[in-house]
Amino acid sequence: MAEPVDMIVPTLREMRADLVARLDQHSVCFDLVDKRLTKIEGHIESLRHALTADTLMSKLVTGEFEEPSEALEAKVRELEAHK
């Protein structure tokens, strides 16, 4: 029968090999989750752009858009000139 001291190093090597295998599995799982999150973030960004465009389009269609401040200032100057 082998001495207990002679069994420690092989046991530690087996444990190390098992840990490395498990870490590799977790790494693969985290890579999959990371890819899925990246894809979801892309969809969210697209949705934000769509909502912004929808808001702008609805304002243009209903005529609720603000005139540039330079145009308003020009109108005020024109009204002041008529006084």
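How many helices and strands does the chain have? Let's work through this and three further exercises together.

**Ground rules.** This is a predicted model, in which local features need pLDDT of at least 70, side-chain atom pairs count only at pLDDT 80 or more, and totals for chains, interfaces and linings use all residues. Residues are numbered from 1 along each chain as its sequence is written, and side-chain values use heavy atoms, with hydrogens and water left out.

**Exercise 1. Assign the secondary structure.**
Solution. Start with the rule: helices (H or I, at least four residues) and strands (E, at least two) are DSSP runs, numbered from the N terminus. Applied to this chain, the rule gives two helices and zero strands. Helix H1 covers residues 4–62, and helix H2 covers residues 69–81.

**Exercise 2. Which residue forms a salt bridge with Arg-77?**
Solution. The partner is Glu-73, and the closest N and O atoms are 3.7 Å apart. Both belong to helix H2, where they are four residues apart and therefore separated by about one helical turn. As a reminder, side chains of opposite charge can pair when their charged atoms come close.

**Exercise 3. Classify the paired residues by accessibility, then look at the whole chain.**
Solution. First, the classes: buried means under 20% relative accessible area, exposed over 50%, and partly exposed in between (1.4 Å probe, protein chains only).
- Arg-22, at 48%, is partly exposed; Asp-18, at 38%, is partly exposed.
- Glu-45 has 35% and counts as partly exposed, while Arg-48 reaches 51% and is exposed.
- Arg-77 is exposed at 52%, whereas Glu-73 is partly exposed at 43%.

Finally, turn to the chain totals. Of its 83 residues, 0% count as buried. The chain exposes about 8300 Å², with carbon and sulfur atoms supplying 63% of that area (Shrake-Rupley method, 1.4 Å probe; for residues, only the protein chains shown count as cover).

Note on methods
A salt bridge is a side-chain nitrogen of Lys or Arg within 4 Å of a carboxyl oxygen of Asp or Glu.
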